[in-house]
Amino acid sequence: MRIAVVGCGRMGRERALAVSAFGVDELVLYDPDADRASLLSRDVPLSRVVRREEDLDVGACDALFVCTPPFARGAVEIRAIERGVPLFVEKPIGLSTDHCAAVRDALERTPVLTSVGYMNRYRRSVVGARTALAAVPVVGFCGNWICGEYQVPWWSNPALSGGPLNEQMTHLVDLTRFLIGEVLQVQATGGGDGNRFDSASVTFTMTNGSSGTLFYSCRAVSKSIEFRAFTPTDTLRLIDWDLRWPDDPPATDRQQIFRDEVNAFLSAVTAGSPDPILCSYDDAFRTQAVVDAIGRALIHGGKEPVPAHRCCSHLVSG
Ligand SMILES: NC(=O)c1ccc[n+]([C@@H]2O[C@H](COP(=O)([O-])OP(=O)(O)OC[C@H]3O[C@@H](n4cnc5c(N)ncnc54)[C@H](O)[C@@H]3O)[C@@H](O)[C@H]2O)c1
C-alpha cells in the first residue's frame, strides 16, 4: 500500500507512525512547512517528502490522511474523493458544516471509504458503554470537558480553528451522539472575550426523548473530563482523557488509541469494507451540525434546533 499524509504537525506524526506500524510499502509526506515533513520522514521508514502540493499524486495512493488545521480543509479531500481514494480526516472536519459542504457533496457524487479522527469511539470502555446503553432506556446524561488551550499557533484564532468549542468540545458532543443518540435541539450560555466563546453550558434535547447537559471550558490549566449516563437503575461513568471505567487504571500508552483508530481504517481499506470504521465523514458531519447549533444558541440565547441533515446511508458506519 502507498499512503499519503498531508499536514505533518503533531497529528500528522501520530498518524504517520501508526501507518508505519501497520505496515505499508510507502508513505508520502506533504506539509507547506517542508522542514516539518523532512523531520518526520527521518522517523518513518519507507517515507518520502514531496515539497509542492501539486507534486502529491493523490490518485496514486491507496489512502490519504488529512491532518491539517480546520481552516485548511477541503481541496485535498475533494481531489482524493474524485479519484476514488479512501480518506482519513482529523477531527473536527472543518470550521462549520457550511465549510465542509463541498466535501460532503463530493462524497455523495463519488462515495469512498472515510474515517474521521473521533478516536474516543474506539476505546473499549466507550464501546462497552454504548452496548450497555443500547439495551436500556437512558434517563439522561451529563458531562464535562475542562482543559487548557491547545498550544499550536492557529488554535486561538477562530477564523483558523473555528474556536475552542469547534476544536475541543466537539469530542464531548461526538461522545454524546455515539452513546446517547441524535440531538434534536440545544440551549446554551457561555463566556468568552467577545472574539470567541471559551466556556459553554449546554442543555440537549435528544430525539429519543432523553435530555442532558454538557459543560466545556478551556480556561483551566489541568484537565477534568467525565461523562455520566443515567439509566432507571444505574449510573454509568467514564472518566479522564482516556474515558475509562472508574475502576480501571489510567492508560499508560496514550498513543495506542491513535494506532487502534488507524488500524481500523487501514483494515477497512484492505478489506474494501467500512465495517471496522466507527466514524464516517457523514457521521462526523452530524457532530459538526450539533457544534454549529451550539454556536448559534450561544449567540441568540434561545432554543436552537439541529438541522436533520440528509444521511448518506451508504457512507455511514458504526
Ligand atoms: N484526536 C485528537 O486527540 C487530536 C489531538 C490534537 C489535534 N487534533 C486535530 O488534528 C488537526 C491538526 O492538529 P495538529 O495538532 O496536528 O496541528 P499542528 O499545528 O501541530 O499541525 C498542523 C500541520 O498542518 C500544516 N498545514 C497547514 N496548512 C496546510 C495545508 N494547506 N496543507 C498541508 N499542511 C498544512 C502545518 O504546517 C502544520 O505542520 C486539528 O484538526 C486538530 O483538532 C486531534
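**View 1. P92 sits in the loop between β5 (87-89) and α4 (97-109).** A cis peptide bond joins K91 to P92, with omega about -20°. Helices (H or I, at least four residues) and strands (E, at least two) are DSSP runs, numbered from the N terminus. This is a predicted model: local features need pLDDT of at least 70, side-chain atom pairs count only at pLDDT 80 or more, and totals for chains, interfaces and linings use all residues. Residues are numbered from 1 along each chain as its sequence is written, and side-chain values use heavy atoms, leaving out hydrogens and water.

**View 2. R244 lies in the loop between β12 (235-239) and α8.** R244 is buried, at 12% relative accessible area. Buried means under 20%, exposed over 50%, and partly exposed in between (1.4 Å probe, protein chains only). The R244 side chain makes a polar contact with the D240 side chain (2.8 Å). Such a contact is a pair of N or O atoms within 3.5 Å; within protein, one must be able to donate a hydrogen and the other to accept it, and residues adjacent in sequence count only if both atoms are side-chain atoms.

**View 3. D240 has a positive phi, near 70°, in a residue other than glycine.** D240 belongs to the loop between β12 and α8. Its relative accessibility is 32%, so D240 counts as partly exposed.

**View 4. L243 is found in the loop between β12 and α8.** Is L243 buried or exposed? At 1% relative accessibility, L243 counts as buried. Phi of L243 is positive too, near 45°, and L243 is not glycine.
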